[in-house]
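Colleague: I have the file open now. Can you walk me through it?
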Amino acid sequence: MLRLVGLWLALLFPAWSAPAVAASDAYLQELMTQADAGNLAGSRQWRALLHYRDNMIFPGVTGQADDPRFYLAADGKTDPRAELDATLAAFFAPPIVETDTAQHPQCRFIARYHWLNEVLRFDTARLPPQPCQRFSAWRAALNASALTLVFPSAYINNPSSMFGHTLLRVDAADQDERTRLLGYAINYAVEPGDDNGALFILKSLVGAYPGTFSLSPYYVKVKEYSDMENRDIWEYRLNFTQQEIDRLLMHAWELGPTRFDYYFFDENCAYHLLSLFEVARPSLELTSRFRGWVIPVDTVRSLAEQAGILAEAVYRPAGNTRLRERLARLDAAERQAVDRLLEEVTPDAALQEVPAERQAPVLEAAYALLRYEDGAGRRGHAEAARLSRHLLLARSRLAGGEDHPVTPAVPAPRPDQGHPTRRLALSAGHDAGRDFQSLAFRPAYNDLLDPSGGYSEGAQINFMDVTVRHEQGRGRLTLEKLTLVDIYSLAPRDGFFKPVSWKINTGIARTRLKDDERVAVYRTNGGAGLALGSWERAVVYGFVEATLDVGGELEDNYALGIGPSAGVFLHPAPAWKLNLSARWQAYHLGDRHHEREISLEQSVSLNRRHALRFTLSGGRERNLEFTTANLAWHWYF
Amino acid sequence: MKNKLIIAALITLSPIGVAMAAPNNVGCGVGTIIFEGQTGVAPQVLAVTTNGTLGNQTFGITSGTLGCAEDGVVANPVKVSMFLDTNLDKLAYDMAVGQGETLESLANLIGVDSAHKAAFFAATKANFAEIISSEQANTQDVIAGLNRVLAQNGELAQYARLV
């Protein structure tokens, strides 16, 4: 082994003089022996620093970095010990002048260096420490004194952030809660270029995107998430010691240019951030809890549940959330004044009827609404810009600050206190004359009737939802349903906001072909619609939807239908939700037939981990009348 | 030689250098016109892909000196202008109101002493028309306006050269 390292060194640094090599070789050998005796290569810290994970089937480990430069030994990706030896050897490299592209290995791998130095106590005479000026300047500029895990909540309209996202904010010593914008965000992300949502998901399932860690001012991230995508942000301030923070930053430095192929479900942003925390505090066991898929909110939960780690959670409402709050605080006359201001009536005239102490909030709301309408493309830019300045100028002439602070109520529970995203369901029911029992598993994520709290209302995302059923009088289990993706965005409109609701789902479903015979088809269904109301009371909705069924037992092997659907969603009590809906589909192409169905779904959540769901439905499919009833117990874990 | 190069690079990056080298240094603090582009809250749109929209303000951690950043941290000479580039409309709002997170952050970036903060907020509110001199004002205009206002204010004159 040693000979290999020597050879490697000789290849790398041919100009190194022979006696120096001999002297440092001796010390290197000493260090390797020490490292071996302490089994450093098998330690948790080495494992965390090199991102080794146990192999799925075969014994041994594999490093997750997909960048040959991250592992110094030729077989370093799979051999922690060889990697440790090669790392030690690299530390003996002769001093170099740091440039934008070149660093000494002690600086390039500064977290490894520091940890090994802590354990092995390097003799500085025989292994001289390097100055690492670039790293020092970087660390001084960050001036880190705290770490904050940032969770922009899920954004259903962008597939790459459907499940939410996490990033890490480095808070500087000279900042406080009023100047958090100036912190830096460490973000693991990919650059999908122009690839659209669906292509992005497909490619990221197979790791086709190289992901890297990057740094940006936090205000850039706030603009992106809070202002442009309208996602409420949660900032979880974490309790880490200064030493742990330094360790994490050193490791972030090492990861700087390192590529980790991005996988949508498992090796994603949330997973990689957890691995940073494991380096900061090796006793934390975070990534090993996640096998197969990692949902950002689950990682927030897993961290928040660690004793003593969560200092406080700060809610940063999105631009829209604040705008809604501003408008909600105005009475009818004040809203009218807002409208008049936006119709370019001069501030003096528009505010005539408004009492002096209410003029400021009216101007502020008008400005916020104007910016929204401009962003929505409902106004000419030039006109909106002129009016924006006008409104602010008028506001600047009114005394007083925002002494009516627009702080929307902090949603409770927080995202980390919502239901876990995995769901197992056991149910029993009656379908067209037969009793049945079924078992369902949904790895992710949330549907409209799941326990409320912690999730965006009206945003349903089910992934890989599978149901098997056993029917009375039939021996075997059958696949009842396999939904690959099911996204449903129900967004109520009001006087100011006019979103379109939409849905799309695809997977294996069953259709009634003959009496007592339900056959499997591959179904894709989607639609667009409008919703009105509020989640506290009732949301009424109507859709136009289309369905394509494909299956060998259908006439012409397919059926294409279109038709309306409508319903009402009620939330009578915090733990009780109800959805009454009716749907009609006329299949004009392929296997021609009609389908109509009325259903009532109700859910009662017992707590954030358990819920009951009762479904009643009836209708007609290909001239076959049917009624079904189903009672299910849902366990979230 | 290397030092001279660095100095040259910093001058090019500084607001003065940038103003001369404009207009293709977008992202370092010259590009944005207030109230223009995607400044306000956006509506709910299907499949917006914003990943990378603000890519010119996202930096590699050990990417060396690159544009506005050094190893991922915004270079000192462009700190204020880059902040303004991203936050002009929010800053204008805070100035008009006389307080707020964006204005607090600007005060921190300039290094306004906590004893002078109230005066700083009052001055930017009272001189809103001068600082946001037109609806076409860009980052450089706002910096120039802010400098003029600070320079004329006895207590705050010391901060004028820092913006």
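This is a predicted model: local features need pLDDT of at least 70, side-chain atom pairs count only at pLDDT 80 or more; totals for chains, interfaces and linings use all residues.

Colleague: OK, domains. How is chain A divided?

Modeller: Domain 1 covers 2-131, domain 2 covers 141-316, domain 3 covers 330-396 and domain 4 covers 418-636.

Colleague: How far apart are the C-alpha centres of domain 2 and domain 4 of chain A?

Modeller: They lie 33 Å apart. The contact between these domains takes ten residues from domain 2 of chain A and ten residues from domain 4 of chain A.

Colleague: What classes of residue are on the domain 2 side?

Modeller: Where domain 2 of chain A touches domain 4 of chain A, seven residues are nonpolar, two are polar and one is charged.

Colleague: Switching to strands. Is strand 5 of chain A, residues 184-190, buried or exposed?

Modeller: Mostly covered, with seven of its seven residues buried. On one side are A:Tyr184, A:Ile186, A:Tyr188 and A:Val190, and on the other A:Ala185, A:Asn187 and A:Ala189, so both faces are covered.

Colleague: What does strand 5 of chain A pair with?

Modeller: Strand 4 of chain A, residues 167-172, runs antiparallel to strand 5 of chain A and is joined to it by three bridges. In that pair, A:Arg169 has A:Ala185 as its bridge partner. Strand 6 of chain A, residues 209-217, is also antiparallel to strand 5 of chain A, over seven bridges. There, A:Val190 stands opposite A:Gly211.

Colleague: And strand 13 of chain A, which strands is that joined to?

Modeller: Strand 13 of chain A, residues 459-471, is joined to strand 11 of chain A, residues 434-442, by six bridges, in the antiparallel sense. One of the partner pairs is A:Leu439 with A:Val468. Strand 12 of chain A, residues 444-446, is also antiparallel to strand 13 of chain A, with three bridges, and A:Asn446 has A:Ile461 as its partner. Then comes strand 14 of chain A, residues 477-489, which pairs antiparallel with strand 13 of chain A over eleven bridges. A:Gln460 is partnered by A:Tyr488 there.

Colleague: How many residues sit between the strands in the hairpin of strand 13 and strand 14 of chain A?

Modeller: Five, and A:Gly473 takes a positive phi near 85° in that hairpin.

Colleague: Last one: helix 7 of chain A, residues 133-142. Which residues are buried?

Modeller: A:Arg134, A:Phe135, A:Trp138 and A:Leu142. They are on the same side of helix 7 of chain A, because they cover an arc of only 95° around the axis.

Colleague: What is exposed on the other side of helix 7 of chain A?

Modeller: A:Gln133, A:Ser136 and A:Ala140. Just after helix 7 of chain A, A:Asn143 has a positive phi of about 50°.

Notes:
Residues are numbered from 1 along each chain as its sequence is written. Chains are lettered from A and ligands numbered from 1 in the order in which they are written. Two strands pair if DSSP finds at least two bridges between them. Helices (H or I, at least four residues) and strands (E, at least two) are DSSP runs, numbered from the N terminus. A residue is buried if 20 or more other C-beta atoms lie within 10 Å of its own, exposed if 12 or fewer, and partly exposed in between; C-beta atoms are placed from the backbone. The arc is that of the directions from the helix axis to the C-beta atoms. Domain bounds come from an automatic or database domain assignment. Two residues are in contact if their C-beta atoms, placed from the backbone, lie within 7 Å. Ala, Val, Leu, Ile, Met, Phe, Trp, Tyr, Cys and Pro count as nonpolar, Asp, Glu, Lys and Arg as charged, and the others, Gly among them, as polar.
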